[in-house]
Amino acid sequence: MLAHARARLVGSPEGRTTCLHADLRDPARILAAPELTETLDLTRPVALCLIAVLHFLEGDEPFEIVRTLLDPLPAGSFLVISHGTNDLNADSHEATAKIRQSGVRLQPRSRAEIARFFDGLTILDPGIEVVHRWRPEVEPTLADGEISIFGAVART
């Protein structure tokens with residue numbers, strides 16, 4: 001999959017693109033990787049996008065990882081997160097248990113827990129919201145509990 005991703009990446013005069021194969025649980029390696037340091041200008045604002053990944057990390061580890069990845073980013077950068085939750089569907093606790101029994105590490109978090117990722121940042125409107133309600137062009141046809149994923153964007 002990584003070879004396919006690299007083959008599909010194409011840069012342009014306006015910007016370069018790269019793919020970094022790394023373990024999110026090792027943020028120091030990510031920040032020091034030549035693929036990152038040769039591609040991104042960390043003197044200018046960037047977006048750190050952690051989409052549908054943090055709920056696969058248990059305990060406080062993901063909060064520490066996010067903070068480590070944010071620390072070197074300049075003011076004006078963005079943090080974008082989507083994260084699974086059990087807040088919106090009573091049946092999701094049972095589904096979470098079944099997923100864990102299959103060997104997948106999974107920790108859905110509440111809206112309040114997800115808010116911790118944004119401590120010290122300015123959360124942009126509409127705030128921490130179910131992703132299908134985050135600036136919808138039309139009224140969503142699915143119930144919030146069918147989605148069960150919160151999303152938010154914040155600025156440093």
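**Reading strands, pairing and pockets in a predicted model**

Q: In which strand does Thr122 lie?
A: Thr122 lies in strand β3, which covers residues 122-123. Please keep in mind throughout that this is a predicted model.

Q: Which residues does Thr122 touch, once residues up to four places away in sequence are not counted?
A: A contact here requires heavy atoms within 4.5 Å. By that reading, Thr122 touches Val153, Ala154 and Arg155. The C-alpha atoms of Thr122 and Ala154 are 5.2 Å apart in space, although the two residues are 32 residues apart in sequence.

Q: Where is the place of Glu129, and which residues is Glu129 in contact with, leaving aside neighbours within four places in sequence?
A: Glu129 belongs to strand β4, residues 129-130, and its contacts, with those neighbours left aside, are Arg111, Trp134, Ile149, Phe150 and Gly151. With Val46, the separation is 83 residues in sequence and 22 Å from C-alpha to C-alpha.

Q: How many helices and strands does the secondary structure of the chain come to, and how do the elements run from the N terminus on?
A: The chain has seven helices and five strands, and, read from the N terminus, their order is α-α-α-β-α-β-α-α-β-β-α-β. Its C-alpha trace spans about 50 × 35 × 30 Å along the principal axes.

Q: Which way do β1 and β2 run, parallel or antiparallel?
A: Pairing is read from the bridges between two strands. In this model β1 and β2 run parallel and are joined by five bridges, and one place to look is Ala47, whose bridge partner in β2 is Phe78. Together with helix α4, residues 61-70, these two strands make a right-handed β-α-β unit.

Q: In which sense do β2 and β5 pair, and over how many bridges?
A: β2 and strand β5, residues 149-155, pair in the antiparallel sense, over seven bridges; within this pairing, Leu79 stands opposite Ala154 of β5. Ala154 is also one of the residues that Thr122 touches.

Q: How many residues of strand β2 are buried?
A: A residue counts as buried when its relative accessible area is under 20%. Strand β2, residues 78-84, is mostly covered, with five of its seven residues buried, while for the 156 residues of the chain the buried share is 33%.

Q: What volume does the largest pocket have, and which residues lie nearest its centre?
A: The volume of the largest pocket is about 560 Å³. Its lining is made by 22 residues, and those nearest the centre are Leu20, Ile30, Leu36, Leu48 and Cys49. By class, this lining holds 16 nonpolar, three polar and three charged residues. At least two lining residues come from each of α2 (27-32), α3 (34-37) and β1 (47-51), and β1 gives the most, with four residues.

Q: How much space lies in the second largest pocket, and how do the residues of its lining divide?
A: The second largest pocket holds about 190 Å³ of space. Of the 13 residues lining this second largest pocket, Gly84, Thr96, Ile99, Leu106 and Pro108 are the closest to its centre. Helix α5, residues 92-101, supplies the largest share of this lining, four residues. The lining of the second largest pocket divides into six nonpolar and seven polar residues, with no charged residue.

Methods: Residues numbered from 1 in each chain as written. Predicted model: local features only at pLDDT ≥ 70, side-chain atom pairs only at ≥ 80, totals over all residues. Heavy atoms only, no water. 1 Å grid on protein atoms, 1.4 Å probe; cavity = no way out; pocket = protein on both sides within 12 Å on 5 of 7 lines; lining within 4 Å. Points joined across faces, edges and corners; volume = space filled by probe spheres on them. Nonpolar A, V, L, I, M, F, W, Y, C, P; charged D, E, K, R; others polar. Buried < 20%, exposed > 50% of the residue type's maximum accessible area, 1.4 Å probe, protein only. Right-handed = clockwise from strand over helix to strand, strands pointing away.
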